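Student: Could we go through this protein together, one question at a time? I would like to see how each answer is reached.

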Amino acid sequence: MKLSIIVPYDGYPHYLVDCLASIDEQKIDDYETLLLVNENHEEINELIEQYKNKIHLNVIVCGEVSSVATKRNIGLNEAKGEYIYFLDCDDYLLKDSLSLLIDEAKENNEDLILGQRRITWFKKQVFETMGDEKNDELDLKDKDHDRHEKFIEKDYSQCDQPIHQRMIDELIRGKKGFKNVSVLNILIKRNLIDQHHLRFNEDFKYYCDFPFVIQLVQYAQSFFKINQTTYIKRKHNDPVNAPALSQIKDPEHKFDEFIDVYRYSIHLVDYQSPLRYYIDSKIVKYYSNYFAKKIRRSLDDKWREERFETMASLLDEVRDDLLKNISRYQRKMVKLARKRDLKTTKVVIARHLAKRKAKMVLKNKNELNKYLYRHKYINEPIEENWIMFETFMGKSYADSPKYIYEYLAKNYPGKYQFIWVLNDKNTKLPYEGIVVKRFTKKYAYYLAKSKYFVFNIRQPLWFRKREGQVFLETWHGTPLKRLAFDQEEVTAASPTYKAQFYRQKQEWDYLIAANHFSSEIFKSCFMYDGNMLEIGYPRNDLLYNPNKDEIARKLKEKLKIPTHKKTILYAPTWRDDEYYGKGQYKFKLKLDLEMMKEKLGDEYVVLLRTHHYIADALDITGLEDFAFNLSKYDDITEIYLISDICITDYSSVFFDYANLKRPMLFYTYDLDKYRDVLRGFYIDMEKELPGPLLFTTEAVIDALMNIDDLSAKYAHRYQLFYDKFCSIDDGNASKRAVEAVFK
Ligand code: C2G
């Protein structure tokens, strides 16, 4: 047999699905798959059954709970292939991966054949549909490579042992730290492992690959690197519930193991060998880049006491020729450690970090404001009557914070100091209050000193809630699209958002839910267990205002919208996978406005409203008398009042608009992708929505022309929908919010 694929499995079945499927797609026959599992692995029995015959699967139970090292060793004992290939159960291959590697082995019979690796946040189906451009963008966030090691252009003909040096460069030197030195994606000749009795050290949990790779490089005589991607390493987007080993926060044990792995590894190689030089280089970098921060910042004195002593004793032994080739700062740090001079070490680190911070602060004004927040303002007293309001990152004066503010200002004049975060500093507030721009010095100041916060999206990442501060999160919609921890894939521009979310939601004292449905979902999707205010949406109070018709008439007048025609609002949401950057999404209008005007122009006008994430401007040239672009208008709730019919897609807009009991249509031209690839939904759109799903402009026009019949057809469903999602709203939600939070 040519090849044994060794896959240790340790939980997270949804990752394994892609892993096994990708083996099944390989264009090779002569192989076996060894799946190493713990005793309890019921969750994958079905999967095993499915692939049993397809991928020559041999499932080996390795004891109650065994480590990756143990599983791989058992795999090595059982493997029958001439070549070994390690594949992690949360990663997957491309269709050609193994045939490329095997073909090279057949031709040149090298000891080690390495392929290229790509990093992704996505499952296979998404990775394949994302296209190279998007995957490339996210690849840039790959921090596993050591950016200080620019060896790629190296001319190996100048080296004494070109192959050896190349292996060191590719497998060890160019990989950051110990953890990124990996056995994955190397086709390894079985003889090499047998001749030298190579096994993984089972004492090691986090860095067991490192000494193994050191030995591969030490003994291999031939090596080749294929310039094609053969391995897809999948990052875990949920480090809270499903962390990869590297995401586990365990600094003490990791430190101890790091030291042990270093000691173990240097005994495997000669003091004079280049391998020793590069192992030592890693320990110096670890000390100056990572350990130094612990000396400076850790609350645990151990980093300045026995761990410092342990580090220093290792630095005593690093090769002196290495010291010539490192930075001045690193050299100084090593020398001081060798003298056990902790006092001067602390000064040197403080200076080094301060210099780096100053560089950052000078480069970016926002950094200076964050710095002031952390080091100055946060030490000043909290002002008991200050309330800070923010909606959609300061882009608009809108949503529930607006209605809560207006209620407070009307009913408690003079009692509070209101601070509104608005990027347009010229916005005139209807009542008293200060306007500050987001992320400015003033913003940092009020963020540190305000007692209360009423925000409709998440707080900034650098906010740290102080004791005594009260955070009311209003959120910004009843959830239709799966959110946060309920989202298997995070395909939007910031795939790290589950980790961020977990920390941020702990700072929310209150969370508003418009209905019981939302409460239940927020508990799971945000892992939220704080105070849930199931009180309806303050932003919907306006929809129950007794003067709403008069308000609508005035608004139409203000926006110069013809009063003799009926209005159709089109308010779509954003698409997770179509973006220029974080918070900057693309949108291409898929409604044919010309056609709509031709068929409906006598009776209707269209109000267009894109989501605040959308960076693209809508082009309505030539249609100015038919289409009105209200994307920049602050408050969509006011727009609902002037809309006779609403067309939307997967936006929470429809939960709110339903309060008006006016007709709704759903233009869901990309439903399959949105539901099955990007997000997934909490409700069955086909069965529960109070209007039809439509897929073409023609169908939309047809529905609009028959709107009365459609309304009659959907009347029952509309009532059920209203009862489920709108029944708490009654015009008094702001009052309830204020009474709950401000007592
Ligand atoms: N919105 C708007 N104009 C649009 C779409 C949305 O003004 N064209 C506003 C509405 O108030 C809407 C809110 O932004 O309720 C949230 O927009 P969604 O389209 O629902 O999308 P998202 O921002 O992803 O929020 O639980 C709700 C979810 O978090 C959805």
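Tutor: Gladly! One definition to begin with: a residue counts as exposed when its relative accessible area is over 50%, and as buried when that area is under 20%. Keep in mind too that this is a predicted model.

Student: Is Asp-203 buried or exposed?
Tutor: Asp-203 sits in the loop between helix H7 (190–195) and helix H8 (209–219). Its relative accessible area is 66%. The cut-off for exposed is over 50%, so Asp-203 is exposed.

Student: Which helix gives the most to the positive patch?
Tutor: The positive surface patch is made up of Lys-176, Lys-179, Lys-293, Arg-296, Arg-297 and Arg-356. Arg-297 is found in helix H10, and that helix covers residues 274–297. With three residues, the helix that gives the most is H10.

Student: What is the relative accessible area of Arg-297?
Tutor: Arg-297 belongs to the positive patch. Exposed means a value over 50%, and Arg-297 is exposed because its relative accessible area is 55%.

Student: How far from Asp-90 is the nearest side chain of opposite charge?
Tutor: Asp-90 lies in the loop between strand S4 (83–86) and helix H4 (97–108), and it is buried. A salt bridge needs a nitrogen and an oxygen within 4 Å, and Asp-90 has no such bridge. The nearest side chain of opposite charge belongs to Lys-233, at a distance of 4.9 Å.

Student: Which side chain does a polar contact of 2.6 Å join to Asp-90?
Tutor: A polar contact is a pair of N or O atoms within 3.5 Å. The contact at Asp-90 is 2.6 Å, and it links two side chains. The partner of Asp-90 is His-236.

Student: With which side chain does Thr-621 make a polar contact?
Tutor: Find Thr-621 in the loop between strand S18 (604–608) and strand S19 (627–629). Thr-621 is exposed, with a relative accessible area of 60%. Its side chain makes a polar contact of 2.3 Å, and the partner is Asp-619.

Student: What share of the residues of the protein chain count as buried?
Tutor: The chain has 28 helices and 22 strands, and its C-alpha trace spans about 90 × 65 × 50 Å along the principal axes. Of its 743 residues, the share that count as buried is 57%.

Definitions and conventions
Residues numbered from 1 in each chain as written. Predicted model: local features only at pLDDT ≥ 70, side-chain atom pairs only at ≥ 80, totals over all residues. Heavy atoms only, no water. Patch = residues over 30% accessible without salt bridge, like charges linked within 9 Å, V, L, I, M, F, W, Y side chains within 5 Å. Areas by Shrake-Rupley, 256 points an atom, 1.4 Å probe, with all protein chains shown as cover. Lys, Arg positive; Asp, Glu negative; His and termini not counted. Charge placed at Lys NZ, Arg CZ, Asp CG, Glu CD. Helix = DSSP H or I, 4+ residues; strand = E, 2+ residues; numbered from the N terminus. Buried < 20%, exposed > 50% of the residue type's maximum accessible area, 1.4 Å probe, protein only. Polar contact = N/O pair within 3.5 Å; in protein donor to acceptor, adjacent residues only side chain to side chain.
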